[in-house]
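I opened this entry to keep a record of what I looked up in the model, one topic at a time.

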Amino acid sequence: MERKHWLIHIVLILGAVTMLVPFYWMLVTSLKTLVESTQVPPTLWPQTFVWTNYSDVWNSLPFAAFYVNTFGMIFFRIIGSVFFSATAAYAFARLEFPGRDMLFGLVLVTMMIPGQLFLIPQYEIVARLGQVDTLFALVMPGLVSAFGTFLLRQFFLGIPKELEEAAILDGCNRWQIFWKVMLPLARSGLVALGIFTALFAWKDLMWPLIVNTSLDEMPLASGLASLQGQYSTNFPQLMAGSVIAIWPMVVLFIIFQKQFIQGVAGTGSKS
Amino acid sequence: MLKLTRRRQDYAWGYLMVAPTVIGVLILNIYPLLKSCYLSFTQSTGFGHAHFIGLANYVRMMHDPDVWQALVNTLIYTAVSVVIGVFLSLVVAVLLNQHIRGRGIYRTIYFLPVVSAPAAVAMVWRWLYNADAGLFNSLLQSVGLPAVHWLTDPHTALFAIIIVGIWSMVGYNMVLLLAGLQEIPRSYYEAAEIDGAGPVRQFFSITLPMISPTLFFVVVTSIIGGLQVFDFIFMMIEPMNTAMEYTQSLVYLFYKQSFMMGDRSYGAAIVMLLLVITLVITAVQMKLQKKWVHYND
């Protein structure tokens, strides 16, 4: 039995090292001089720590704006998609009204379509509204969520009807039932959708590349792409930029990892 | 009478509560879908102007070697990354489902790439793959092997990108599969042990059938994700790179045509092709699932 566990650990450690090497190399390279970074064989630890790589990169691009734009986009997308998905999901799960199934079908259909099909017309909408290079442009496609509506509907369907009926007898109207009874019960679903929305917005590269082309309006994702254009082979500075870009989400993940893991797991098992 | 007003009220609440999402989906998804479809039958002549040219974009696509090569690249990327990526995720999930020490730490480490922005991930891998001073070539040279031009050699570039794709997806699928594994009742394994079934037998007769619905979900979503690969190609292969032709995906070609060359109609036709491929592959999987996916209820 003990020997079997050793074998498992060896396999898992090999995998973990593979996962960590790129992060380690990013961090170590970001602190080297340009000359040391290209040395063969490479040094596994910086001979001298060049902290100025960070300040140079920070000063060469508007990273503060990148942070504000990224978290602004994530914040408004979470507010929009969680709130609107929750109201729609509750109505689709519990209320009866003519055309309900047809409308739900309409929402579902969009989940099966590759998102790139929406991009050209979405860009044209943003352009026609005169909102190119704004926070609104970054937020717009994520204001509502077909996936979120589907996910939360599954949660609401799993809540016993008796709870609602008791509230109806107490004289609550539909909104009060939704707000005071159902939403608290679907909390884990709301958290799952919030985390999923944040991750999706965080990782989206193509939409920001298309709508926000002036540096001050970019989120981190497309900002990094322009950093690469600027310092194509100065890898210590590129790596410093990468570290600046990834640490906030890595730290958030390590603090809230239970919620992250449960959130992601929840999006699978409920589907 | 009371019941009737209650029902009327439910109608009103129902429409009110679904309105933002339904209107949003109509404007942001349904209209764009129809518009993209329409665009693919037109020729764009500057901003907002287009005239109908029937199937000409599709005919042009059929004679465009870039499109065919991009289709091949996309399918290779998807097939290889899904087969290897899902296999590795399943192995890690099964190992982490044992009672071993440090499960939480392993899980955290494997999930780290998932929370990292693809642009940063692509940059560090581009550095690892760098032909002159990258870590991989330094290691090769230190044991006397020749350097490999990972990202500029047409024979290796796509596979170099596939490795990055697998590296960044394993953690996500592992978490989904682990959740599925944890729903399998312990008692099944205890019963199998009493019957004398070994670990291999247990895996194939209990674990695999019980996990098959989650596995199916993981395979379907990974294929859809693979067919849309863009970020790593955009960040790791420069436009003038000799390997571009052998790495660019359909979505990359769509981006290039629509937003770099400004030919939105042709770009729209390329994503219509992607839509058809996605629907066909998903439909085939829905049919095939009856053969291997076991649903309890």
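**Conventions.** I am working with a predicted model, in which local features need pLDDT of at least 70 and side-chain atom pairs count only at pLDDT 80 or more, while totals for chains, interfaces and linings use all residues. Residues are numbered from 1 along each chain as its sequence is written, and chains are lettered from A, with ligands numbered from 1, in the order in which they are written.

**Confidence.** I noted that the predictor gives the complex an ipTM of 0.93 and a pTM of 0.94.

**Chain B as a whole.** I counted 12 helices and two strands in chain B, taking helices (H or I, at least four residues) and strands (E, at least two) as DSSP runs numbered from the N terminus. Read from the N terminus, the elements of chain B run α-β-β-α-α-α-α-α-α-α-α-α-α-α. The radius of gyration of chain B, taken over C-alpha atoms, is 24 Å, well over the 19 Å that the globule rule (2.2 Å times the number of residues to the power 0.38) gives for 297 residues, so chain B is more spread out than a compact globule. The C-alpha trace of chain B spans about 90 × 75 × 35 Å along its principal axes. Of the 297 residues of chain B, 40% count as buried, that is, with 20 or more other C-beta atoms within 10 Å of their own, where 12 or fewer is exposed, anything in between is partly exposed, and C-beta atoms are placed from the backbone.

**Between the chains.** I find 78 residues of chain A in contact (C-beta atoms, placed from the backbone, within 7 Å) with 75 residues of chain B. Helix H1 (residues 2–29) of chain A gives the largest share of the side of chain A that touches chain B, 14 residues. That side of chain A divides into 56 nonpolar, 18 polar and four charged residues, with Ala, Val, Leu, Ile, Met, Phe, Trp, Tyr, Cys and Pro counted as nonpolar, Asp, Glu, Lys and Arg as charged, and the others, Gly among them, as polar.

**A residue of H1.** I looked up A:Trp25, which is found in helix H1 of chain A and is buried, with 20 other C-beta atoms within 10 Å. Leaving aside residues up to four places away in sequence, A:Trp25 touches B:Val124, B:Leu128 and B:Leu135. A:Trp25 and A:Trp45 are 20 residues apart in sequence and 9.4 Å apart in space, C-alpha to C-alpha.

**Two loop residues.** I placed A:Asp133 in the loop between helix H6 (116–128) and helix H7 (135–139) of chain A; although A:Asp133 is not a glycine, it has a positive phi of about 65°. A:Asp133 is partly exposed, with 17 other C-beta atoms within 10 Å. B:Val143 lies in the loop between helix H6 (135–142) and helix H7 (157–182) of chain B, and B:Val143 is exposed, with 6 other C-beta atoms within 10 Å. The C-alpha atoms of B:Val143 and B:Ser187, 44 residues apart along the chain, are separated by 51 Å.

Notes:
Contact = placed C-beta atoms within 7 Å.
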